[in-house]
Amino acid sequence: MATTEYRVTGMTCGHCESSVREEVEQIAGVEDIRVRAQTGELVITSAAELDDAAVLAAVTEAGYSAVRA
């Protein structure tokens, strides 16, 4: 198992969290997702290391921007 943390900007509410979660959960290997709009925290637990580009693209698709923490 691998855990990776990102900082997401632009989230303000639960709907924002849901949007990010829905996009990120489509990435192969993702086991668990923790998103917090208040802190901008996105923590992903996966079966193996994820491709950062795939995660960042998913967050962008949801309408936000992110960087690896």
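A search of the whole structure finds zero disulfides (a disulfide being a pair of cysteine sulfur atoms within 2.5 Å). The model is a predicted one, in which local features need pLDDT of at least 70 and side-chain atom pairs count only at pLDDT 80 or more, while totals for chains, interfaces and linings use all residues. Residues are numbered from 1 along each chain as its sequence is written, and side-chain values use heavy atoms, without hydrogens or water.

**The cysteine pair**

Select cysteine 13 and cysteine 16. The sulfur of cysteine 13 has its closest cysteine sulfur in cysteine 16, at 3.5 Å, which is too far for a bond. Cysteine 13 is partly exposed, with a relative accessible area of 34%, whereas cysteine 16 is buried, at 7%. Here buried means under 20% relative accessible area, exposed over 50%, and partly exposed in between (1.4 Å probe, protein chains only).

**Helix H1**

Next, select residues 14–24, which form helix H1. Helices (H or I, at least four residues) and strands (E, at least two) are DSSP runs, numbered from the N terminus. Cys16, Ser19, Val20 and Val24 are the buried residues of H1. Viewed down the axis of H1, these residues fall within an arc of 125° and so line one face of the helix; the arc is that of the directions from the helix axis to the C-beta atoms. Strand E2 (30–36), strand E3 (41–46) and helix H2 (52–61) are among the elements that cover them.

Leaving aside neighbours within four places in sequence, serine 19 is in contact (heavy atoms within 4.5 Å) with Ala62 and Tyr64.

**Helix H2**

Move to H2, where Val55, Ala58 and Val59 are buried. Seen down the axis of H2, the buried residues lie within an arc of 95°, so they line one face of the helix. They pack against E1, H1, E3 and strand E4 (65–68). The face turned away from this buried side carries the exposed residues Thr60 and Glu61. After H2 comes glycine 63, whose phi is positive, near 105°.

**The nonpolar core**

Finally, display the largest nonpolar core, which has 20 residues. Such a core is a set of buried Ala, Val, Leu, Ile, Met, Phe, Trp, Tyr and Cys residues joined through side-chain atoms within 4.5 Å. Met11, Val20, Val24, Leu42, Ile44, Val59 and Tyr64 have the most contacts inside this core. Strand E1 (2–9), H1, E2, E3 and H2 each give two or more residues to the core. Centre the view on valine 59: not counting residues up to four places away in sequence, valine 59 touches Val8, Val20, Val24, Leu42, Tyr64, Ser65 and Ala66.
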